[in-house]
Number of protein chains: 2
Amino acid sequence: MLRRLLALALLATASGARPVLLRTATDDASAAVSSGAAQSDALFCDSWMLSVETGNAGPWISVPTRCLDSVHSYMEGDRYASDSDVVALDSIAFAAQALATAQEGNAKPAWVFDIDETLLCNDPYYAANLSRLQNFNETSFDEWVDEAKAPALSSSLKLYNELLDLGFHIILLTGRSEFQRNATEVNLKFAGYHSWEKLILRQTSDIGKPAVQYKSERRAAMEAEGFKILGNSGDQWSDLLGSPMATRSFKLPNPMYFIS
Amino acid sequence: MLRRLLALALLATASGARPVLLRTATDDASAAVSSGAAQSDALFCDSWMLSVETGNAGPWISVPTRCLDSVHSYMEGDRYASDSDVVALDSIAFAAQALATAQEGNAKPAWVFDIDETLLCNDPYYAANLSRLQNFNETSFDEWVDEAKAPALSSSLKLYNELLDLGFHIILLTGRSEFQRNATEVNLKFAGYHSWEKLILRQTSDIGKPAVQYKSERRAAMEAEGFKILGNSGDQWSDLLGSPMATRSFKLPNPMYFIS
């Protein structure tokens with residue numbers, strides 16, 4: 001169950017509701033652009049995607065209508081692959097160095113990965129019907145999860161293999177629910193991920209928790225178990241922020257949806 | 001004095017030294033790209049610039065040689081202006097809402113701005129000689145500061161005026177040094193910034209402090225004086241991170257240099 005949003009928690013029910021469609025701040029703001037040269041959709045949407053990646057956009061509900069084509073082009077073209085490649089390269093450059101300097105004590109060096117849009121790529125699901133970017137359908141998405149056919153994000157697969165070779169303990173921490181464990185494991189293996197220390201999914205007691213809270217609690221538990229979380233890879237800031245944080249956090253691109 | 005790097009503080013002297021040129025992790029990483037289609041410089045450099053904006057790149061010393069043209073094109077073309085516009089629009093959308101909900105108690109609503117590449121734009125200095133992007137010359141940069149002719153980043157000027165209209169207390173917090181106060185004030189007024197609550201520059205006792213420490217200490221002092229820092233705008237993550245943080249922080253683009 002992929003919980004979308006809402007920082008405006010009032011709009012979220014306890015069980016991972018389908019979000020209410022609202023005008024986003026960015027929609028409001030873009031409508032207000034008046035000075036200077038009129039921005040083309042492509043130019044505006046490139047800037048909007050950057051604002052999503054830096055977190056400047058804050059909570060947002062759905063891809064602005066004028067940006068649907070840009071997001072689709074981004075995901076299908078060279079940029080998504082290239083941007084993801086550079087994240088993986090940054091991650092590896094850090095990992096090798098961090099491991100060399102983190103060998104004091106008995107802490108087990110760990111790397112935490114999110115799954116959707118981090119290890120696995122759901123672009124085929126969204127690309128098949130762009131309206132899914134604006135009207136999230138939990139039933140339909142859960143059916144896609146059950147198919148267990150999401151491909152790997154290839155740069156993340158390469159990173160995962162390099163981290164395994166370096167001796168990292170790989171911990172998968174996903175917003176998916178426990179009932180999706182089997183489909184998730186099947187999909188991970190289908191995509192080329194063959195081993196991990198733990199696969200942590202939302203339990204019944206986690207329902208309704210914002211992702212930052214749920215994931216921070218689980219990172220705290222990892223530390224209590226003796227893991228030293230050197231790196232954390234996720235496509236949402238809510239995968240990465242909160243206490244405790246990894247020594248370094250790596251934000252993978254995702255202009256398709258926002259999870260609070 | 002614009003202090004460049006280094007998170008590797010060992011390489012920085014106490015007085016804001018000119019950084020040692022090193023191969024950056026990104027240079028190493030880009031050299032290691034071997035799988036898949038060879039990335040063109042333009043594609044790689046777009047991804048590198050994104051990695052800088054998200055913080056994925058970590059500490060870096062200078063623009064990779066293969067990206068000098070891309071950075072120059074970015075700064076001189078439509079994207080820098082557009083990206084900055086969207087940051088300002090995100091900021092305003094938040095500011096109006098935050099002010100409406102933050103009126104409890106007697107805290108004075110404040111917005112903190114960095115100066116270089118936030119309120120003022122030093123692109124004319126760097127564009128005049130691209131080698132300045134790779135070989136920072138403090139003497140030459142200080143002469144540019146003394147000229148006091150840096151233009152406003154126009155989107156930030158618009159944001160500044162809107163925040164003043166909304167009743168925010170504007171606090172300027174810069175890595176420039178106290179001896180540059182007069183030139184800085186002259187330049188701010190030249191660029192259209194006419195009033196502020198405080199202009200905080202580095203004192204002698206701040207020399208050698210990483211920007212995160214210096215700026216966090218000053219934000220803590222603002223809170224102790226009764227300001228509630230709702231927003232913070234800066235082009236470096238070191239303007240924004242550290243405790244206390246603003247309610248929302250806004251990262252302006254800067255692919256030209258990194259300050260730890």
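Ala148(A) sits in the loop that runs between α6 (138-147) and α7 (154-166) of chain A; helices here are DSSP runs of H or I with at least four residues, strands are runs of E with at least two, and both are numbered from the N terminus. Although Ala148(A) is not a glycine, its phi is positive, at about 60°.

A word on the model: it is predicted, with local features needing pLDDT of at least 70 and side-chain atom pairs counting only at pLDDT 80 or more, while totals for chains, interfaces and linings use all residues. Residues are numbered from 1 along each chain as its sequence is written, chains are lettered from A and ligands numbered from 1 in the order in which they are written, and side-chain values use heavy atoms, with hydrogens and water left out.

Another loop is worth a look. In chain A, Ser243(A) and Pro244(A) are joined by a cis peptide bond with omega of about 0°, and Pro244(A) belongs to the loop between α10 (237-240) and β5 (248-251). In chain B, the bond from Ser243(B) to Pro244(B) is cis as well, with omega near 0°, and Pro244(B) is in the loop between α10 (237-240) and β5 (248-251) of that chain.

Now to the two chains together.

The interface brings 36 residues of chain B into contact with 36 residues of chain A. The chains bury about 2,800 Å² between them, 58% of it on carbon and sulfur atoms; buried area is the accessible area (1.4 Å probe) that two parts lose on being put together, summed over both. In chain B, the residues losing the most area to chain A are Leu50(B), Asn56(B) and Leu89(B), together 20% of what that side buries.

Three helix pairs can be set side by side. Their axes are lines fitted to C-alpha atoms over the stretch in contact, and angles run from 0 to 180 degrees between N-to-C directions.

| Helix pair | Angle | Axis distance |
|---|---|---|
| α4(A) and α2(B) | about 55° | 9 Å |
| α2(A) and α2(B) | roughly 45° | within 9 Å |
| α4(B) and α7(B) | about 10° | 9 Å |

Angles under 35 degrees count as roughly parallel, over 145 as roughly antiparallel, 65 to 115 as roughly perpendicular and the rest as oblique. α2(A) and α2(B) are therefore oblique to each other, and α4(B) is roughly parallel to α7(B).

Where α2(A) meets α2(B), Leu50(A), Glu53(A) and Thr54(A) touch Leu50(B), Glu53(B) and Thr54(B). These contact residues divide into two nonpolar, two polar and two charged; Ala, Val, Leu, Ile, Met, Phe, Trp, Tyr, Cys and Pro count as nonpolar, Asp, Glu, Lys and Arg as charged, and the others, Gly among them, as polar.

In the contact of α4(A) with α2(B), the residues from α4(A) include Arg79(A) and Val86(A), and those from α2(B) include Phe44(B) and Trp48(B). This contact divides into five nonpolar, three polar and five charged residues.

Terms used:
Contact = heavy atoms within 4.5 Å.
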